[in-house]
Amino acid sequence: MRLEINGKPVELKFSFEFIERMDKRFATDEKASDMGVGLSVGLGLLERTYSPTTLVDVIYSATDGVSKDDIKKFVEGYAIENESLEPLFDELIPEIKKAPMLTATLKKMDKLMSEYMKTQA
């Protein structure tokens with residue numbers, strides 16, 4: 001997925017670095033970061049809340065060399081230009097889910113989460 005941030009094309013990369021950054025940002029337990037829990041938590045927040053701050057964190061995690069401030073400005077500008085962030089969420093979430101590095105992990109995490117939720121009911 002490609003975005004134009006600060007007047008420059010930026011490719012979002014859903015790679016090992018992305019997973020590690022998501023774990024650092026969203027895993028609440030240091031041991032959990034080894035399991036990709038931050039990826040699952042971050043994506044879950046993105047899907048359920050459409051939170052602008054989570055959006056910034058996810059885009060930041062998928063970029064190299066782009067400052068968080070530049071990403072915040074991009075998100076704010078996008079919201080103003082499109083009168084909503086919803087189209088950006090609707091484009092980003094499926095891109096993450098179909099990334100080759102993430103499909104197996106996300107599938108397994110979804111299954112584990114579903115099983116966990118059944119025990120909580």
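The following is a conversation about how terms are applied to this predicted model.

Trainee: What should I know about the model before reading values from it?
Mentor: The model is predicted, so local features need pLDDT of at least 70 and side-chain atom pairs count only at pLDDT 80 or more, while totals for chains, interfaces and linings use all residues. Residues are numbered from 1 along each chain as its sequence is written, and side-chain values use heavy atoms, with hydrogens and water left out.

Trainee: What makes a stretch a helix or a strand?
Mentor: Both are DSSP runs, numbered from the N terminus: a helix is H or I with at least four residues, and a strand is E with at least two.

Trainee: How do you know that strand 1 and strand 2 pair?
Mentor: Two strands pair if DSSP finds at least two bridges between them. Four bridges join strand 1 (residues 2–5) to strand 2 (residues 8–11), and the two run antiparallel. In this pairing, Leu3 stands opposite Val10.

Trainee: What lies between strand 1 and strand 2?
Mentor: Two residues separate them in a hairpin, and Asn6 in the turn has a positive phi of about 60°.

Trainee: Why is helix 2 called roughly antiparallel to helix 5?
Mentor: Start with how the angle is taken: axes are lines fitted to C-alpha atoms, for helices over the stretch in contact, and angles run from 0 to 180 degrees between N-to-C directions. Angles under 35 degrees count as roughly parallel, over 145 as roughly antiparallel, 65 to 115 as roughly perpendicular and the rest as oblique. The axes of helix 2 (residues 37–49) and helix 5 (residues 86–97) cross at roughly 150° and come within 11 Å. That angle makes helix 2 roughly antiparallel to helix 5.

Trainee: Which residues make the contact between helix 2 and helix 5?
Mentor: Contact means heavy atoms within 4.5 Å. Helix 2 gives Leu43, Leu46 and Glu47, and helix 5 gives Phe89, Leu92, Ile93, Ile96 and Lys97.

Trainee: How do the residues of that contact divide by class?
Mentor: Ala, Val, Leu, Ile, Met, Phe, Trp, Tyr, Cys and Pro count as nonpolar, Asp, Glu, Lys and Arg as charged, and the others, Gly among them, as polar. The contact of helix 2 with helix 5 has six nonpolar, no polar and two charged residues.

Trainee: What makes helix 1 and helix 2 roughly perpendicular?
Mentor: Their axes cross at roughly 75° and come within 7 Å. The two helices are therefore roughly perpendicular to each other. Phe18, Ile19, Met22, Asp23 and Phe26 of helix 1 meet Val37, Gly38, Leu39, Val41, Gly42, Leu43 and Leu45 of helix 2. By class, this contact has nine nonpolar, two polar and one charged residues.

Trainee: At what angle do the axes of helix 2 and helix 6 cross?
Mentor: The axes of helix 2 and helix 6 (residues 103–120) cross at roughly 75° and come within 10 Å. That makes helix 2 roughly perpendicular to helix 6. Val37, Leu39, Ser40 and Leu43 of helix 2 are in contact with Thr105, Leu106 and Met109 of helix 6. Five of these residues are nonpolar, two are polar and none is charged.

Trainee: Why is Gly42 called buried?
Mentor: Buried means under 20% relative accessible area, exposed over 50%, and partly exposed in between (1.4 Å probe, protein chains only). Gly42 has a relative accessible area of 0%, so it is buried. This residue of helix 2 touches Met22, Phe26 and Thr54, not counting residues up to four places away in sequence.

Trainee: Is Thr63 buried or exposed?
Mentor: Thr63 is buried, because its relative accessible area is 3%. Thr63 lies in the loop between helix 3 and helix 4. Leaving aside neighbours within four places in sequence, Thr63 is in contact with Val10, Leu12, Arg21 and Ile71.

Trainee: Why does Tyr60 count as partly exposed?
Mentor: Tyr60 has 36% relative accessibility, so it counts as partly exposed. The place of Tyr60 is in helix 3.

Trainee: What makes helix 3 largely enclosed by the rest of the structure?
Mentor: Seven of the ten residues of helix 3 (residues 52–61) are buried, so the helix is largely enclosed. The buried residues are Thr54, Leu55, Val56, Asp57, Val58, Ile59 and Ser61. What covers them includes strand 1, helix 1 (16–26), helix 2, helix 4 (68–82) and helix 5.
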